[in-house]
Amino acid sequence: AVVSTQSTGVVVSPMTRTLQTAWGTFGEHNIPFQANHLITEYSDAPCNYGTIKSKIEKDWPQVDFSVVPEIWWNEEESDVTITLRAKRFREWLFRQPETCMAIVSHAGFLHELLQEQFKNCELKRINWIHRSRRQAKGL
């Protein structure tokens, strides 16, 4: 998980284990939760396949699943597809109005996204400024 005590929202992988981690960490903070299928684990084994949206939505009514397709995992995952997912997530993330968000994902995906290693349930604060915001600030 990537975390800040000032987070204004939580973006979470729609896998049950990340939903449980996110809720256990941020559930009492009265901030919105949004599931995003782009940040799920590398789908290299059945344990990394998901649950259909209509089922998981019923189990987690406090989470917004509006951007998650009904079947959101890719059983044919490859190094190319996870790289593309990381790129698509960066693009999605930088279109969001929030400036401080908690991201609850998986070590494999976070490594692809940030080129950093994560331990199980490790929390890190990442200061990541999009180049358009840096240019606006003259950085």
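What is the order of the strands in the open sheet? Hi everyone, let's start there. The order is β3-β2-β1-β4, an open sheet of 4 strands with parallel pairing. Strands here are DSSP runs of E of at least two residues, helices are runs of H or I of at least four, and both are numbered from the N terminus; two strands pair if DSSP finds at least two bridges between them. β3 (63-64) and β4 (102-104) stand at the edges with a single partner strand each, so one side of each has no neighbour in the sheet. β3 pairs with β2 (residues 33-35) in the parallel sense over 2 bridges, and Gln 34 stands opposite Asp 64 in β3.

A quick note on the source: this is a predicted model, where local features need pLDDT of at least 70, side-chain atom pairs count only at pLDDT 80 or more, and totals for chains, interfaces and linings use all residues. Residues are numbered from 1 along each chain as its sequence is written, and side-chain values use heavy atoms, with hydrogens and water left out.

Now the helices. The axes of α3 (residues 79-94) and α4 come within 9 Å and cross at roughly 70°. That makes α3 roughly perpendicular to α4, a label for angles of 65 to 115 degrees.

Last, the second largest pocket. Its lining has 15 residues, and Thr 18, Ser 105, His 106, Asn 120 and Cys 121 lie nearest its centre. A pocket is an open set of points on a 1 Å grid over the protein atoms alone, where a 1.4 Å probe fits, with protein on both sides within 12 Å along at least five of seven lines; lining residues have an atom within 4 Å of a point. α1 (16-26) and α4 (107-114) each supply at least two lining residues, and α1 gives the largest share, 3 residues.

Key
Axes fitted to C-alpha atoms, helices over the stretch in contact; angles between N-to-C directions. Parallel < 35°, antiparallel > 145°, perpendicular 65-115°, else oblique.
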